[in-house]
Amino acid sequence: MEKDRKKDPDQDEQYCELCGKMENLLKCGRCRNSFYCSKDHQKQDWRKHKLVCKEADKSKVPSQSVKTSKTPQPSPQTRKDSVTPRCEPVEKMISNADVSGIINNTKHNGQTNKRSLDDIVTRNMNEHGICFLDNFLGEESGLAILENVVALQQSGKFTDGQLVSQRGDSTKDIRGDQIVWIEGNEDGCEKIRFLMSRMDDLLRLCNGRLGNYSINGRTKAMVACYPGEGKGYVRHVDNPNGDGRCVTCIYYLNKDWDAKAHGGLLRIFPEGKASYAIDIEPKFDRLLLFWSDRRNPHEVQPAHATRYAITVWYFDREERARAKEKYVTGAGEKGIKMDLNKPSDVT
């Protein structure tokens, strides 16, 4: 067994092959190229990984035919994590837009023209991989959405957050939120549907200018609540295995949030910038967008007050099609196609 190096130059690109977690990883002892956050996740991923693992193993031994009744699962080996980087608030790193200060022209069909917003989004996403918009919908709409979310929580529809491809093992040491998936046509979710339509409109205007992606669908909305009590979500990647998600879009609903007292920051560790991380406060009526793949590992720091957020992931057409062929889909939802030729009609 090889000893761990003091610093692995590639460790910022290492993540659990199943859930995307990037801390306290275990290395596959056979191919030594893949990592897992636990033995349970290695076992769950073995059916897929053994094909790659076998190929890597063959290059190290003489070619010969060996018959076995069952391929053994290699023992993982622990990998040490890197030092915590310097953290900066997102306002210092990336220019944003206060949507309330942007004058939107109205088209003849009555739809709002947010061209200035999509220019801001595409510029920041392509330059930084992250963008945030404050006062996205306005206080009245934000409070109405929050009312829908609180009613969902009080109705008992929230369940403990699950990991992609999870098959029953406990995840409370990884994520501490409670969630419910919303399509938008459920009773009492009319304002959440309105939010989703405004997200769709913005991404529709940005489509074709967000990297090389061609967006043609999205997930349902994941409504999440961290109930305080120091609950958070460890460092992870939303889409480590090419499941089709290209843009993560999060809307925050936390009135009078004080990061010093309440915690709950979203901390992003941009790929290739190990010297610093970016902190995003989950402020009320703030919309955050970032690339969903391994360019933006992130964590939710312990929250000491109830913290609400609504997340939607947008799909790249080609990657999603490949993922469906390989069955690398998950996230607890079915994809929803978007009509890119007309704006949303929700009011």
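Reader: Which residues touch the most other members of the largest nonpolar core?
Author: Ile192 and Val247 do, in a core of 42 residues. Such a core is a set of buried Ala, Val, Leu, Ile, Met, Phe, Trp, Tyr and Cys residues joined through side-chain atoms within 4.5 Å; buried means under 20% relative accessible area, exposed over 50%, and partly exposed in between, with a 1.4 Å probe and protein chains only. Helix 5 (residues 190-206) supplies the largest share of this core, eight residues. Helices (H or I, at least four residues) and strands (E, at least two) are DSSP runs, numbered from the N terminus.

Reader: What kind of model is this?
Author: It is a predicted model, in which local features need pLDDT of at least 70 and side-chain atom pairs count only at pLDDT 80 or more, while totals for chains, interfaces and linings use all residues. Residues are numbered from 1 along each chain as its sequence is written, and side-chain values use heavy atoms, with hydrogens and water left out.

Reader: Turning to helix 7, which of its residues are buried?
Author: Glu319, Arg320 and Ala323 are the buried residues of helix 7 (residues 317-326). They lie on the same side of helix 7 because they cover an arc of only 100 degrees around the axis, taken from the directions from the helix axis to the C-beta atoms.

Reader: And what do they pack against?
Author: They pack against strand 14 (245-252) and strand 19 (306-316). Contact means heavy atoms within 4.5 Å.

Reader: Which exposed residues are on the face turned away?
Author: That face of helix 7 carries Glu318, Lys324 and Glu325.
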